[in-house]
Amino acid sequence: MRVLIAGATGVLGRSLLPLLRARGHHVTAMVREPAGAPSADLTVVADALDRDAVRAALLVARPDVVVHQLSALTDRGPLGFEVTARLRTEGTANLLTAAREAGARRIVAQSIAFGTAPVGDPVLTEDAPLYLDAPDEDWARTVQAIAELERLVVGTEGISDVALRYGTLYGPGTWYARDGAIGALVAAGKMRLPETAGGITSFVHVEDAAQAAVLAVESDATGTFNVTDDDPAEGSAWLPEFAAQLGGPTPRTIPADLAGRLLGWFTAYQLTELRGASNDRARLSLDWKPSRPSWRGGMVDDER
Ligand SMILES: NC(=O)c1ccc[n+]([C@@H]2O[C@H](COP(=O)([O-])OP(=O)(O)OC[C@H]3O[C@@H](n4cnc5c(N)ncnc54)[C@H](OP(=O)(O)O)[C@@H]3O)[C@@H](O)[C@H]2O)c1
């Protein structure tokens with residue numbers, strides 16, 4: 001098949017591209033800057049927020065399947081959230097319009113498994129409500145953008161759709177790598193553990209996430225799928241172990257009511273309220289299972 005990856009230079013895109021080529025697919029990398037782009041069968045240049053450029057790129061590539069791995073979360077600040085939200089709304093709309101015109105039959109888009117509202121069971125399915133009214137402006141905007149991405153993808157006539165809701169990525173190049181935004185904080189002993197850290201994180205290794213994208217490209221299944229490991233974990237469990245794996249100090253405990261101020265809204269929410277995400281649907285319909293069923297023991301082995 002002819003497959004186009006939008007976001008081919010990213011953490012996920014770089015893992016996915018060689019996997020697809022090894023499966024015999026003709027892979028086009030859509031990039032903003034050709035210098036340093038990963039090796040592909042074809043490279044096209046477009047900013048995903050430039051509708052005309054995306055259209056021209058897809059008309060050259062003529063993909064059967066478009067894979068949307070766009071994000072701007074290398075910048076953890078408000079700008080990263082803002083641009084990522086635009087990539088999920090405008091960027092998705094641009095890709096879909098161009099995909100239809102170029103004759104693509106399928107889109108596989110990147111979403112998140114941790115956008116659910118913190119209500120109900122500790123581990124939630126894809127049917128759980130999203131946290132559209134989160135009290136934090138950046139997070140509400142992020143979740144609203146996810147909802148819009150999934151609505152656009154599912155609603156485009158003539159194109160079969162998959163939204164892969166990745167769990168919290170770990171592995172090389174991610175925020176949880178030794179030199180990543182979270183890994184470096186934890187390794188330096190700068191992360192704190194709220195005394196009630198019952199929020200649940202569902203992790204997934206970046207290579208397992210990429211493998212799920214390969215299966216989604218090749219499958220006829222449609223809908224949203226959580227791509228998460230088998231071991232959703234409370235903050236009180238994963239954070240101290242992550243610190244130990246990094247060789248860092250055990251995170252100091254702080255009163256729960258100071259967590260928002262000391263850690264920032266999202267991290268406090270992640271550690272105290274977030275729900276985990278079940279991967280049953282991806283196992284059943286995509287025939288995917290994580291090669292790393294648990295984050296325990298292996299979150300930072302890659303860097304050693
Ligand atoms: N699901 C999660 O767990 C999650 C949640 C929060 C944060 N994160 C972190 O975010 C990163 C996620 O990895 P990722 O592969 O999703 O993202 P990534 O490594 O940031 O890659 C994003 C891709 O999107 C491209 N891109 C950005 N803006 C673009 C634009 N306007 N037009 C065209 N392409 C554009 C980038 O291209 P350029 O090379 O041109 O920039 C890059 O190829 C990791 O660091 C992860 O730890 C992940």
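**View 1. M30 meets its partner in β3.** The bridge partner of M30 in β3 is V44. Strand β2 (residues 26-31) runs parallel to β3, and 4 bridges join the two. Strands are DSSP runs of E with at least two residues, helices are runs of H or I with at least four, and both are numbered from the N terminus. The model is predicted: local features need pLDDT of at least 70, side-chain atom pairs count only at pLDDT 80 or more, and totals for chains, interfaces and linings use all residues. Residues are numbered from 1 along each chain as its sequence is written, and side-chain values use heavy atoms, with hydrogens and water left out.

**View 2. The open sheet.** Its 7 strands follow the order β3-β2-β1-β4-β5-β7-β12, with parallel pairing. Two strands pair if DSSP finds at least two bridges between them. β3 (42-45) and β12 (223-227) are the edge strands, each pairing on one side only.

**View 3. Helix α6 on the sheet.** Helix α6 (residues 206-218) touches β1, β4, β5, β7 and β12; contact means heavy atoms within 4.5 Å. Its direction makes about 170 degrees with that of β7. Axes are lines fitted to C-alpha atoms, for helices over the stretch in contact; angles run from 0 to 180 degrees between N-to-C directions.

**View 4. The ligand shell.** 25 residues surround the ligand, each with a heavy atom within 4 Å of it. The closest are T9, V11, R32, A48 and W175. α1 and β8 (168-170) each supply at least two shell residues.
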